[in-house]
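I opened the file to look up the ligand sites and a few residues. My notes follow in the order of the look-ups.

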Amino acid sequence: MSPDKERHFELDLTKTQTPEIFVGANILEQMPDYLKGREEIYRNLHGKGWRFAIVTDETVAGLYGEDLVERFRASGLNIAVLPPIKEGEGSKSIQSYEEVASQLEEGEYTRHTVVVALGGGVIGDLAGFVAATYRRGIAYVQVPTTLLAQVDSSIGGKVGIDIRFVKNMLGTFYHPFATFVDPQLLRTLPESEIRSGLGEIIKYGAIDHELFEKINRNLDALLALNIDKLSEVIADCVAIKVELVQEDPEDFGVRQVLNFGHTIGHGVEEASSYEISHGEAVAIGMCIETQIGVAMGIWTQQERQSLISLTERAGLRTKVPTNIDLEQVIANTRHDKKRVSGIKLVLPFGVESSKVEGHTSIEVCEDELRNVLEDNVAKQE
Ligand SMILES: NC(=O)c1ccc[n+]([C@@H]2O[C@H](COP(=O)([O-])OP(=O)(O)OC[C@H]3O[C@@H](n4cnc5c(N)ncnc54)[C@H](O)[C@@H]3O)[C@@H](O)[C@H]2O)c1
Ligand SMILES: [Zn+2]
């Protein structure tokens, strides 16, 4: 083509979404009316209302499925619960992805559908990924029911599934238009899952030093499910995540601090075949990664000790249990997506003396990782 016949076009795709996050005890009561309002706007634009499809797991369906359906129907919304999927990390799979997408297709759900992801991080990641891709993308909302999902996974738009046990290998960024965080839902959560959520909460504490102190002061109230304290701390974590995602939506810069503890954490989580929960593995990862941080002068020994003490008080492991194969942990970090050449670790600056908040990335080789893992093996229940 001669230059004078060449043409150039630009698509202006800067229309942005503004996901909304509501945090508060009993906030779910306000959800149907909020959605009704949003539906009216949608109906004016598209001439059609929404059908809502709840994606959830077997446990959460039994606890909250019917109640949510009743609330929605009382507000005149058209809603149904899809057949619940099996609980656990195993459901972040191609099979479950196909199962949910097929249920939508069999139920003749059109593009005028809103998926309601009701559950923990597994459901949020899976349902969000289905929503991102079903009929090239339909709307969804998040109703996180675990502490971990309330402070972390339901916000920020990372959705995806695992392949061949490699975590989050298939995924995308796709934001729910709204997230409803109701700490009252945590009353039925097993204590082990509360502790798992505390793993991620302590991670936020390592990022924000005032929050670290607040968690230290209020740990007993948090473990006792004091709803006021939980609501406050959850909102603090959400505020940190919102700020980081706002500044770095695609995770190339400041948002990466949220990966603290995750390189080793994911390695341990996978090597345990998911017997060790995500938050628990992240706690182990943070305690070990800071040993490298101390060696590199990024953390002081005292700061690392404060992190370990808080982690122990939260009833979380700080070392790798003896039954975990360290070589498997190392092998797992090889396919960690965050890896470029060496094994990349992301560390916030220490939790105490320095008031500097921010993070640094370091790379270690396999031998350094092996040494630090061998230093941190313990028989613990
Ligand atoms: N997308 C992200 O940004 C992001 C961030 C952090 C973690 N994650 C992912 O989140 C997943 C872990 O999520 P999780 O810890 O919530 O685990 P999960 O979703 O497996 O839930 C844990 C267990 O709690 C049960 N449960 C959930 N809510 C309950 C309630 N209110 N009462 C009683 N039982 C309840 C579930 O049935 C399940 O058995 C991992 O796959 C992790 O990779 C994603
Ligand atoms: Zn995490």
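Which side chain has an N or O atom 2.9 Å from an oxygen atom of ligand 1? I found that it belongs to Lys-92. I note here that the model is predicted.

**Entry 1: polar contacts of ligand 1.** Thr-146 places a polar side-chain atom 2.6 Å from one oxygen atom of the ligand. For Glu-87, I read 2.8 Å between a polar side-chain atom and an oxygen atom of ligand 1. I then checked cover: on its own ligand 1 has 880 Å² of accessible area, and the protein covers 91% of that.

**Entry 2: the shell around ligand 1.** I listed the surrounding residues and got 27, the closest being Asp-57, Glu-89, Thr-145, Thr-146 and Thr-188. Sorted by class, the shell holds eleven charged, eight polar and eight nonpolar residues. I next asked which element gives the largest share of the shell. The answer is α2, with four residues. Elements that contribute two or more residues are α2 (58-74), α4 (121-133), α5 (147-153) and α6 (191-207). I also looked at the domains: domain 1 (20-188) and domain 2 (191-378) each supply at least three residues to the shell.

**Entry 3: the zinc ion.** What coordinates the zinc ion (ligand 2)? I find Glu-200 through OE, and His-262 and His-278 through NE2, at 1.9 to 2.1 Å. Along the sequence, I wrote the spacing of these donor residues as E-x61-H-x15-H. Glu-200 sits in helix α6 and His-262 in helix α9 (residues 262-271), so this pair ties together parts 62 residues apart in sequence.

Entry 4: Are Glu-200 and His-262 buried or exposed? I take under 20% relative accessible area as buried. Glu-200 has a relative accessible area of 1%, so I count Glu-200 as buried. His-262 has 5%, and therefore I count His-262 as buried too.

**Entry 5: Val-238.** I looked up where Val-238 lies, and the place is helix α8 (residues 227-247). Val-238 counts as buried because its relative accessibility is 5%. I also took a C-alpha distance from Val-238 to Ile-284 and got 22 Å. The two residues are 46 residues apart along the chain.

Conventions:
Residues are numbered from 1 along each chain as its sequence is written. Chains are lettered from A and ligands numbered from 1 in the order in which they are written. This is a predicted model: local features need pLDDT of at least 70, side-chain atom pairs count only at pLDDT 80 or more; totals for chains, interfaces and linings use all residues. Side-chain values use heavy atoms; hydrogens and water are left out. A residue is near a molecule or strand if one of its heavy atoms lies within 4 Å of it. A polar contact is a pair of N or O atoms within 3.5 Å; within protein, one must be able to donate a hydrogen and the other to accept it, and residues adjacent in sequence count only if both atoms are side-chain atoms. Accessible areas come from the Shrake-Rupley method with a 1.4 Å probe; for residues, only the protein chains shown count as cover. Ala, Val, Leu, Ile, Met, Phe, Trp, Tyr, Cys and Pro count as nonpolar, Asp, Glu, Lys and Arg as charged, and the others, Gly among them, as polar. Domain bounds come from an automatic or database domain assignment. Donors are N, O and S atoms within 2.8 Å of the metal (3.2 Å for Na, K and Ca); water is not among the atoms, so sites may look incomplete. Buried means under 20% relative accessible area, exposed over 50%, partly exposed in between (1.4 Å probe, protein chains only).
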